[in-house]
Amino acid sequence: MRTLTKLDGDSSRARRELHDQIQGAGPLARHTVDSTGQRQAGSASFHESAEKHVTGKAAYIDDLAVPADALHVALGLSPVAHGTLTQLDLNKVKEAPGVVDVITFHEVPGHTDIGPVFPGDPIFVDQEISYAGQCLFAVAATSLQVARRAVKLATISIDEQPASLDPVAATERGEFVRPTHVQTRGDWQQALDQADQIIEGELFVGGQEHFYLEGQACVVHPTEDEGVIVYTSNQHPSETQKLVAEVLDIPFHAVTVEVRRMGGGFGGKETQASPWACIAAIIARRTGKTVRLRLPRSDDMHATGKRHPFHNRYRLAIDAEGVIQGGEITVIGDCGYSPDLSDAIVDRAMFHADNAYSLGDAQVVGHRAKTHTASNTAFRGFGGPQGMMIIEAAMDDIARQVGEDPLTVRKRNFYRDGREVTHYGQQVDQRQLLHTLVETLESDSEYWVRRKAVSDFNATSPVIKRGLALTPVKFGISFTAQHLNQAGALLHVYTDGSVMINHGGTEMGQGLHTKICQVVARELGLDLDKVRITATRTDKVPNTSPTAASSGADLNGMAARDAAGKLRERLFDFAAGHYSEGLDREGMRLEDGMLVAGFGESERTIPWGELVQTAYLNRVSLSEKGFYATPLIHYDRSIGQGRPFYYYAFGAAVAEVSVDTLSGEYQVDRVDILHDVGDSLNPAIDIGQVEGGFIQGMGWLTSEELKWNDKGVLVSDGPATYKIPTFGDLPPVFNVALLEGHPNSMASLYRSKAVGEPPFMLGICVWSALRDALSSLTDYAISPHLDTPATPERVMLAANAIRKRVL
Amino acid sequence: MATIAFLLNGTPQRCDVSPDTSILTLLREHLAQTGTKEGCASGDCGACTVAIGESTTGTQRYTSANACITPAHQLQGRHLVTVEGLSEKGHLHPAQEAMIECHGSQCGFCTPGIVMSLFTLHSDLTQRPSPLTPERLEAALGGNLCRCTGYRPIRDAALSMNAIPYQRPQWFDATLPDSEIDTQPSDSSQTVAFFAQPASLAELAQLRQSSPQARLVAGGTDLWLESTQRLAPLDQLIDVSRVAELLTIEEAQLENQTGWWIGAGVTYTQLEPLFEAHFPAFAHLLHRLGSQQIRNRGTLGGNIANASPIGDTPPVLLALGAQVELASVTGKRRLALEDFFLDYKKTALAADEVISRIFIPQLVDSSQLRVWKLSKRREDDISALLGAFSYRVEQNVLRDVRIAFGGMAATPRRALAAEAALEGSAITREAFRAAQQALEDDFQPMSDVRGSQHYRQQAAQNLIERLYLSLSATDQEVMLHAYAH
């Protein structure tokens with residue numbers, strides 16, 4: 001047994017020993033030990049908070065101690081989706097024992113619109129109600145229970161109007177939150193006119209609740225000035241700082257926002273964490289007290305937006321081999337009642353309507369439909385997954401039409417030399433990697449052997465049908481809003497040699513802080529234990545971008561590297577001039593906790609601690625800031641052409657499923673994944689992102705069903721009715737590997753690639769495998785219609801429908 | 001207010017809290033122990049999982065529970081172990097070590113709950129060594145949602161933790177001296193708010209008569225949602241979980257039938273061995289009922305008294321011809337279960353009565369029981385519909401056919417027309433087609449969040465088809481065995 005101590009060298013050695021012991025006893029724990037011993041960038045270090053996670057010491061917002069007189073806030077939410085607020089009588093609420101403050105639209109001192117990019121999100125309803133769950137008022141009381149019970153005492157009168165809930169009908173009526181955008185390449189109409197064959201189809205792709213385990217939460221302290229300090233579970237502290245300042249009508253410098261960690265984000269805390277901070281800040285300023293606001297799960301699910309549901313259509317010209325010549329794709333994003341991030345999200349759906357396949361001469365149209373639901377928002381993949389679904393549906397449909405295996409048709413359509421430019425004008429670099437990756441997976445997973453086994457099984461099994469599918473992912477990396485592609489970092493070295501790094505990114509479990517510490521350790525030649533990261537704060541690194549678009553490590557890692565590199569050079573300059581033996585400036589390096597100069601017999605070393613101490617005494621600054629802006633990227637929205645992405649990340653997955661075609665029940669029997677992260681920054685963390693993303697993507701397409709009643713009230717409003725994957729949904733055989741030996745062709749952070757979002761779309765293979773199994777009911781002649789999520793209900797009804805078509 | 005005396009991670013505690021206080025509230029708000037997290041406050045996510053130790057014959061046995069919906073007052077005399085308590089003097093528990101080793105945490109919010117489920121699995125494996133089958137792992141961890149990892153590293157942690165050396169810490173077997181435990185006042189008439197813990201059926205019946213407005217609580221797995229989700233007051237509670245007569249399972253004869261009297265307070269976990277031995281299909285259903293945390297707390301009596309149309313056990317009990325015994329100060333009466341359910345959430349239970357026992361007759365003369373539950377997710381989900389079928393086949397003719405469904409009507413109900421179509425019929429497609437048709441007379445299901453009316457009607461008919469195929473096409477796989485037997 002080992003002692004739990006502070007993270008020092010002994011501790012890591014002991015952990016390695018323990019690790020070897022586990023490896024010896026059972027082969028199950030993955031091989032995760034760093035061969036270099038220092039756990040710098042490139043090694044499989046543990047999550048920086050792992051020990052705190054497992055002991056319960058990692059503090060989340062609701063765990064923070066607050067003063068005894070702190071106030072707790074509950075929200076009054078609209079019970080109807082559309083209407084006019086005619087009366088809001090809060091007298092009984094105010095009179096309830098323990099209630100200290102009640103605020104509405106009229107108590108907001110500054111801005112009342114907190115739309116993140118475009119206006120349209122009132123902090124409280126003034127008169128017009130736009131969705132069920134919209135915030136009408138807030139109650140602050142001595143406890144959360146008192147506040148929640150007081151909310152129920154309000155008298156609310158609403159002149160209810162019919163809710164618009166169908167995005168297709170809204171599109172037909174021209175009801176959009178933002179204008180329609182079009183991307184066109186070549187003469188797509190002519191391609192259709194001259195086609196051998198035309199194939200068309202449509203698909204409803206359901207939304208998804210984030211279901212971060214830690215719900216929306218913040219604590220706000222009033223400061224001695226006119227401002228506030230905000231502790232929040234939040235992917236975008238700088239935006240929260242801005243919005244809080246604006247609703248309070250105070251300068252930004254009066255607001256400090258701090259995020260230590262989130263209990264999950266997935267995009268749900270990019271814009272939608274701010275309203276709660278704004279409300280709590282108003283109450284904190286009004287009462288002079290610390291205010292805690294945490295949304296109970298059901299309020300959270302009613303009040304916040306989700307992944308956009310999409311209605312997609314395709315009409316494609318194909319040749320006899322099933323290769324796409326051109327055509328048109330239309331995607332309709334159900335944006336909810338306001339723009340939020342929907343412009344960029346529907347854009348990203350359009351950017352990914354090709355996935356890994358050349359569309360030829362094509363037009364892609366994206367509508368942003370307005371409906372009376374919560375404003376749908378960022379969610380891992382940011383529209384990309386919904387866009388990809390339509391072309392993956394088309395691939396399966398084409399395969400049935402031309403009588404080929406879907407994998408064969410997919411490979412024929414891959415981007416390749418001569419077919420290398422997307423419908424938005426970007427050349428697909430590293431396109432050969434896609435072929436290599438898929439061929440490797442095809443062989444490692446024994447796709448064709450299993451294809452035969454599946455067909456043989458199905459031939460003799462009328463009820464239980466097996467399905468198999470391999471689907472690829474090509475995902476563009478960069479914010480499509482160019483200005484967001486920047487990051488800052490702040491590095492301090494203290495006189496004992498310990499290092500503190502801060503940057504603009506936030507930790508939501510993805511291991512960003514671990515990777516950033518590893519980058520600094522590598523740049524300064526230190527053991528990881530020497531580098532510590534603390535909470536992300538707007539007063540340490542200002543004007544930051546959200547931690548989103550998979551960009552956290554790419555951007556902030558480069559900024560941290562910049563800071564460390566500058567400091568290193570300064571120390572080299574100092575050392576070259578300071579030490580009397582005359583150190584060779586040219587070959588200086590930081591390695592194994594030492595400055596090393598010269599080579600061979602002339603090599604001289606100075607321990608890091610001594611170097612730092614000496615530099616300090618000689619009045620050399622030991623602090624540095626870093627900055628990074630992604631080069632090359634641009635996109636001209638007026639013509640729908642450009643190079644919006646710095647690079648693409650690739651991956652592919654194979655799923656095998658068994659389907660009970662009588663009951664619609666199914667199970668995922670085996671999954672094989674090969675994924676491209678360039679040169680991995682941390683293989684253990686990257687594998688974790690790949691696996692977690694896959695399962696989350698699978699859940700989106702299978703069991704996670706959002707349901708609203710016909711009045712627009714969400715009825716799947718808790719984990720009893722909204723089913724994310726659980727332990728038994730993990731496939732019994734789950735082979736996951738990172739593609740090795742293919743560094744990023746662009747000069748990214750140590751040639752790594754972003755990993756947060758791309759693996760999410762690997763889950764599409766499960767849906768495609770379900771369709772494959774259903775298609776076997778017709779001996780693969782018909783491609784079944786299967787909207788998502790493919791719940792057992794949808795699968796059973798699809799089986800019934802396809803059987804009727806054959807009979 | 002009433003005092004609870006219990007051990008928290010080995011240390012005696014005395015707390016005065018109101019009857020509606022959950023263990024989670026007690027920990028986070030009264031004891032400033034914030035390692036245990038709230039994810040949903042409805043017993044569905046497992047982030048608040050704690051272990052509750054009960055000493056039987058000198059050794060402590062720990063079972064997992066969702067702290068968010070477990071009444072704090074039920075801790076009386078028990079040992080509560082939380083994530084803060086696992087590491088002793090800096091030594092991590094193997095569950096914690098393995099989670100770090102396998103990269104089992106990402107955001108970390110579900111992690112304390114997962115660690116606690118692993119802890120109860122670990123102590124169970126230590127006390128009763130047995131192979132760690134996939135089914136056992138699933139049972140142990142199916143009630144802990146993780147949104148980040150996809151569970152693979154958690155599976156690895158579960159599989160590797162037993163290889164890590166472990167010395168049982170001193171607190172493990174600690175029990176609270178009896179002198180520390182106050183006997184609860186059984187006379188509730190003195191106080192407005194109370195949490196009464198009767199020890200005998202007679203006491204329980206007295207309480208029920210004197211305070212008919214008070215709510216009965218056993219596991220609290222459904223009742224507590226009234227507090228956490230609907231904010232209803234639960235200030236007068238009668239705890240049936242320590243009533244001796246309600247906790248027994250006895251083999252017995254009733255009206256020439258052999259079977260078992262099962263105390264209404266017997267938990268699903270406690271039922272498992274009996275069902276494994278005599279009703280494997282029912283046992284399989286239990287594995288899909290709620291999560292381990294719920295099965296450790298929820299009771300057969302609670303599932304019946306709750307009278308939900310989508311409760312999992314009532315359709316099975318209806319198909320088996322179970323009877324319920326109701327007790328009050330004036331005596332006991334017995335009812336066939338179908339006579340107990342009157343309408344949506346309405347039962348034959350009088351205001352002064354409790355369900356004391358349930359009689360389940362043994363399957364005789366080669367009778368068969370099939371239980372098929374349909375839900376969106378295989379584990380820890382509520383039925384969209386559930387069909388239970390009992391019958392025997394005598395020379396290719398169906399006899400003693402009893403079919404019951406949940407999710408198809410306002411109460412769990414028998415499909416009498418479908419039964420009639422099959423009773424005495426040969427196993428032919430025509431007979432089963434008639435039964436499928438008859439289902440339309442039996443039920444007019446509704447659409448809700450768990451399934452549409454059309455789906456329910458179709459799926460129920462398809463289950464009849466499945467029954468036909470399982471009897472006639474015995475060389476074929478006609479269901480997926482992870483779901484159904």
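This is a predicted model: local features need pLDDT of at least 70, side-chain atom pairs count only at pLDDT 80 or more; totals for chains, interfaces and linings use all residues.
**Entry 1. Chain A overall**

I began with secondary structure and found 20 helices and 29 strands in chain A. I then looked up the radius of gyration of chain A, which is 28 Å; the globule rule gives 28 Å for 807 residues, so chain A is as compact as a globular protein of that length. Along the principal axes, the C-alpha atoms of chain A fill a box of roughly 90 × 75 × 55 Å. I noted that 62% of the 807 residues of chain A count as buried. For contacts in chain A with a separation of 6 or more, I looked up the share between residues 24 or more positions apart, and it is 79%.

**Entry 2. A three-stranded sheet in chain A**

I traced an open sheet with the strand order β4-β2-β6 in chain A, paired antiparallel. β4 (128-129) and β6 (155-160) of chain A are at its edges with a single partner strand each, so one side of each has no neighbour in the sheet. Between β2 (residues 83-89) and β6 of chain A I found six bridges, with the strands running antiparallel. For a position to check by eye, I took Q87(A), which stands opposite S157(A) in β6(A).

**Entry 3. Pairings of β9 in chain A**

I next followed β9 (residues 217-222) of chain A. With β12 (residues 291-294) of chain A, β9 pairs antiparallel over four bridges. Within this pairing, A217(A) stands opposite R294(A) of β12(A). With β10 (residues 228-232) of chain A, β9(A) also pairs in the antiparallel sense, over five bridges. V220(A) has V230(A) in β10(A) as its bridge partner. β9(A) and β10(A) make a hairpin, and five residues lie between them.

**Entry 4. The nonpolar core**

I looked up the largest nonpolar core and found 384 residues in it. The residues with the most contacts inside this core are V73(A), V139(A), A280(A), A281(A), V520(A) and L770(A). I picked A280(A) and asked which residues it is in contact with, leaving aside neighbours within four places in sequence. They are V73(A), C218(A), V220(A), V291(A) and L293(A). V220(A) is the residue I had already noted as the bridge partner of V230(A).

**Entry 5. The contact between chains A and B**

I then turned to the contact between the chains, which takes 82 residues from chain A and 79 residues from chain B. On the side of chain B that touches chain A, the elements giving two or more residues are α2 (83-86), α3 (94-101), α4 (111-127), α5 (134-141), α6 (152-160) and α17 (453-472). α17(B) gives the most to this side, with seven residues. By class, I recorded 36 nonpolar, 25 polar and 18 charged residues on the side of chain B that touches chain A.

**Entry 6. Domains of chain B**

Chain B divides into domain 1 (1-184), domain 2 (244-361) and domain 3 (383-472). I looked up the C-alpha centres of domain 2 and domain 3 of chain B, and they lie 22 Å apart. Their contact takes 16 residues from domain 2 of chain B and 17 residues from domain 3 of chain B. On the side of domain 2 that touches domain 3 in chain B, α13 (313-320) and β13 (341-343) each supply at least two residues. α13(B) gives the most to that side, with six residues. I classed that side of domain 2 of chain B as 11 nonpolar, two polar and three charged residues.

Notes. Residues are numbered from 1 along each chain as its sequence is written. Chains are lettered from A and ligands numbered from 1 in the order in which they are written. Two residues are in contact if their C-beta atoms, placed from the backbone, lie within 7 Å. Ala, Val, Leu, Ile, Met, Phe, Trp, Tyr, Cys and Pro count as nonpolar, Asp, Glu, Lys and Arg as charged, and the others, Gly among them, as polar. A nonpolar core is a set of buried Ala, Val, Leu, Ile, Met, Phe, Trp, Tyr and Cys residues joined through C-beta atoms within 7 Å. A residue is buried if 20 or more other C-beta atoms lie within 10 Å of its own, exposed if 12 or fewer, and partly exposed in between; C-beta atoms are placed from the backbone. The radius of gyration is taken over C-alpha atoms; the globule rule is 2.2 Å times the number of residues to the power 0.38. Two strands pair if DSSP finds at least two bridges between them. Domain bounds come from an automatic or database domain assignment.
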